[in-house]
Amino acid sequence: MTESHSTLSSLQQAHRDFLELIGDVRPELHRYCARMTGSVIEGEDVVQDTLARAYFELSQLNELPALRAWLFRIAHHRALDHLRHRQRSREQALDDRAEVPASSMDSDAVLEQSESVGVAIARFLELPPAQRGCVVLKDVLGHSLDETGLALEMTLPAVKAALHRGRARLRALAVAPEATPARAFHPTLARYAALFNARDWDGVRALLAADVKLDVVLRERRSGANEVGQYFGNYSRVHDWHARLVWLDGRSVIAMSRQDGPDYVIELSIETGRVTQIRDFRYVPYITQDAVFEPPLPTV
């Protein structure tokens, strides 16, 4: 083995070791990032960004930090960066609604953990970031007040105040009706799903742009219609996968399932009637743990 191959092999092994080290906390990181961004898909983007940053920073440290708090601290800052980037790209401000006055603090008004868990992911975006982070860590993920303060670099009184206000705001949001915008699935997305369910693989491949990109999260990436076209070979050998068009956090996606409900989702990017990107979340099934699909997927 040449020196370059040996170095590459060592780097790949180090990366695998890192992913194994953080494997148990990754689903929790996603639950946090999904609520910080208001989207399970964008939440996974932030998780990947967080782990890339953590892997880089870890190589610069002399000793291993308190892993969970360290990762959540990085995730919090990367989520805020993600939101700022989204704000600039969409040229619209996030609405940090008026906060509940501190004088209204009353132990009888505290939102129970079960209520926080049940609030739709997108509604967490209506909390200011500090409140959002405290509620998710404490109520959704079950972190202690001290752990929450350590992860978010906040004092204990600040955590308690943000937690109270965030819970009160979520309680109000839980009973407020959500606007349902008029929407329709893109015809190319609908055709892709129909061709997939008909097992017309030549028809599916015909929808791909010449420079299409494929990202099977955590597994592989491909580019170009010829390379990406081979991705459908695995599906051509099985007959029980079904593609269904659904809305997920305001995005139109394809829910892939067998007989027992949704297994994972696929998101397509479409331009001028051609598929320019496929994002396959098969190997990160945890992203649908708290997902709410519209229309609801049938239960068996």
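L248 stands opposite R251 in β4. Helix α9 packs on the sheet, touching β3, β4, β5 and β6 (contact: heavy atoms within 4.5 Å). This is a predicted model, in which local features need pLDDT of at least 70, side-chain atom pairs count only at pLDDT 80 or more, and totals for chains, interfaces and linings use all residues. Residues are numbered from 1 along each chain as its sequence is written, and side-chain values use heavy atoms, with hydrogens and water left out.

**The sheet**
- The open sheet has 7 strands in the order β2-β1-β6-β5-β4-β3-β7, with mixed pairing. Strands are DSSP runs of E with at least two residues, and helices are runs of H or I with at least four, numbered from the N terminus. Two strands pair if DSSP finds at least two bridges between them.
- β2 and β7 (293-294) stand at the edges, each with a single partner strand, so one side of each has no neighbour in the sheet.
- β3 and β4 pair in the antiparallel sense over 7 bridges.
- β1 (residues 208-216) pairs with β6 in the parallel sense over 5 bridges. Here D215 stands opposite R279 in β6.
- β1 and β2 (residues 220-223) run antiparallel, joined by 4 bridges. K213 stands opposite S223 in β2.
- The β1 and β2 hairpin has 3 residues between its strands. L218 in the turn has a positive phi of about 75°.

**Helix α9 on the sheet**
- The direction of α9 makes about 155° with that of β3 (angles run from 0 to 180 degrees between N-to-C directions; axes are lines fitted to C-alpha atoms, for helices over the stretch in contact).
- In α9 (residues 187-197), T188, L189, Y192, A193, L195 and F196 are buried (under 20% relative accessible area, with exposed over 50% and partly exposed in between; 1.4 Å probe, protein chains only).
- Seen down the axis of α9, its buried residues fall within an arc of 165°, so they line one face of the helix. The arc is that of the directions from the helix axis to the C-beta atoms.
- Their cover includes α10 (201-206) and α12 (233-236), as well as β3, β4, β5 and β6.
- R199 follows α9 and has a positive phi, near 55°.

**Helices α2 and α3**
- α2 (residues 26-37) and α3 (residues 40-58) pack at about 125°, with axes 7 Å apart.
- Residues making the contact include L29 and C33 of α2 and V47 and L51 of α3.
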